[in-house]
Amino acid sequence: MSDVIYLDNNATTAVAPQVREAMEPFLTELYGNPSSIHTFGGQVAKHVDIARQQVAELLGCHPAEVLFTSCGTESDNAAIRSALPVNPQRKKIVTTRVEHPAVRNTCHTLERPAPIGFDNRVIELPVDSRGELSLPDVGNALDENVAVVSIMWANNETGVIFPVETIADMCRDRGILFHTDAVQAVGKVPINLAGAAIDMLSLSGHKLHAPKGVGALYVRHGCRFQPFVVGGHQEHNRRAGTESVPLIVALGKACELAKANLEKERTQVRALRDRLEKALLASCPDARLNGHPDHRLPNTSNISFEYIEGESILLMLDEYGICASSGSACTTGSLEPSHVMRAMGIPYTAAHGSIRFSLSVYNTQAEIDKVIAVLPPIIRRLREISPFGRAAAAKE
Ligand code: PLP
């Protein structure tokens, strides 16, 4: 797979060599249980502490505010589910129409009537055609019945960044807990939780060059928290289960690298992304950018190639070893535009042909140049065989 051009880093990332190296001893000789009383276990516990410190340094918070989980989805579940019993008289959850299913489906589960569910009401805020939220809409939704607001830091499909720090301030003023799913933002944009009104923040290891199966949840000091996974006393009684030390060490190292690479994300990764985007928009007719051109992650570009199906584009790119992803999902045998594209009101013919390119610090200029050379002829070929493409061409 060495010839693969991997532009699907919002789906998952390659494990960094330094991360692999850091976790290796904990898969071999250092296998002790960090909760054990003996020295053999104790020396492992020290590395869990170091990893917690590394995560805290990337987030600008105190290590005691970081708890390790198994993934971003678990962190999202833990945060939102904890916020409700903490405030039992409040029955509303405010979120957006473009959250990842880890948040959306958690909220909808909590909306089901008792005894299966919890009888809460979920308010999903709309976004505009560039994927942005309206702050007055947010303010209007924040009444005295709201227990928690969960709004993502950056969108996984478009990269659009929401003003979560401002929204967190609005929540604090009204005594409402604020959680952000920062799974796509951590390691791509600077985050400093010191002094921020954010109560809880989720992150996931496999989006920042650690392996799959590890995540973290920031819980602000003083924020009341009820554990989601219950059992032993690990993580100071906030997340039970014997710690996956190799994965925790890997996440710590990945956070240390991510902090060192933040400037590269802002300059090198952004420059490659912009080069790709500019060239594709210039060389492919009827191509449009989805999402705000500036308020977005430096690594993400979501482009619609009208009148053709994203899936067909992906299959043809795959023949060249180029990996990206599309904004449609196969639901009950038919291709449906994603909930994000629908929420933005992207026309059907454009949403179907949307492709997400998501880069990382490991991409090179030569890779981007190959995509710039290969993709426009693919688009031309697919338009020639598409009935919608031929109809559009005939109108010109
Ligand atoms: N939230 C966002 C915004 C994501 O993009 C993802 C994964 O794609 C998740 C949550 C879930 O993270 P994990 O795969 O670690 O469960």
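User: Where does Tyr-307 lie in this predicted model?

Analyst: In this predicted model, Tyr-307 lies in the loop that joins strand E10 (300-305) to helix H9 (310-318).

User: Why is Tyr-307 called partly exposed?

Analyst: The relative accessible area of Tyr-307 is 22%. Buried means under 20% and exposed means over 50%, with partly exposed in between. The value of 22% falls in between, so Tyr-307 is partly exposed.

User: What is noted about phi of Tyr-307?

Analyst: Phi of Tyr-307 is near 75 degrees, a positive value in a residue other than glycine. Asn-237 is also not a glycine and has a positive phi, of about 65 degrees. Asn-237 is part of helix H7 (residues 234-237).

User: What makes Asn-237 count as exposed?

Analyst: Its relative accessibility is 52%. The cut-off for exposed is over 50%, and 52% passes it, so Asn-237 counts as exposed.

User: How do you know whether Ser-301 is buried or exposed?

Analyst: Ser-301, in strand E10, has a relative accessible area of 1%. That is under 20%, therefore Ser-301 is buried.

User: Which residues are in contact with Ser-301?

Analyst: Leaving aside neighbours within four places in sequence, the contacts of Ser-301 are Arg-273, Glu-277, Leu-289, Arg-296, Ile-355, Arg-356 and Phe-357.

User: Why is the pair of side chains of Ser-301 and Glu-277 called a polar contact?

Analyst: The distance given for the two side chains is 2.6 Å. A polar contact needs N or O atoms within 3.5 Å, one able to donate a hydrogen and the other to accept it.

User: What makes Gln-54 count as buried?

Analyst: Gln-54 is in helix H2 (residues 39-59). Its relative accessibility is 13%, and buried means under 20%, so Gln-54 counts as buried. Not counting residues up to four places away in sequence, Gln-54 touches Gly-252, Lys-253, Cys-255 and Glu-256.

User: How many residues separate Ala-271 from Pro-227 along the chain?

Analyst: They are 44 residues apart along the chain, and their C-alpha atoms are separated by 42 Å.

User: Where is Ala-11, and why is Ala-11 called partly exposed?

Analyst: Ala-11 is in the loop between strand E1 (5-6) and helix H1 (17-23). Its relative accessible area of 31% falls between 20% and 50%, so Ala-11 is partly exposed. Beyond its neighbours within four places in sequence, Ala-11 is in contact with Tyr-6, His-206, Lys-207 and Arg-356. Ala-11 and Phe-305 are 294 residues apart in sequence, with 21 Å between their C-alpha atoms.

User: Which residues come nearest to the ligand?

Analyst: Of the 13 residues around the ligand, Thr-73, Asp-181, Gln-184, Ser-204 and Lys-207 come nearest. The largest share of this shell, three residues, comes from helix H3 (residues 72-86). By class, the shell has three nonpolar, seven polar and three charged residues.

User: Which residues have the most contacts inside the largest nonpolar core?

Analyst: They are Leu-59, Val-149, Ile-198 and Leu-201, in a core of 74 residues. Helix H8 (residues 245-283) gives the largest share of this core, eleven residues. Apart from this core lies another, of 28 residues, among them Ile-313, Met-316, Leu-317 and Ile-355.

Technical notes:
Residues numbered from 1 in each chain as written. Predicted model: local features only at pLDDT ≥ 70, side-chain atom pairs only at ≥ 80, totals over all residues. Heavy atoms only, no water. Core = buried A, V, L, I, M, F, W, Y, C linked by side-chain atoms within 4.5 Å. Buried < 20%, exposed > 50% of the residue type's maximum accessible area, 1.4 Å probe, protein only. Helix = DSSP H or I, 4+ residues; strand = E, 2+ residues; numbered from the N terminus. Near = heavy atom within 4 Å. Nonpolar A, V, L, I, M, F, W, Y, C, P; charged D, E, K, R; others polar. Contact = heavy atoms within 4.5 Å.
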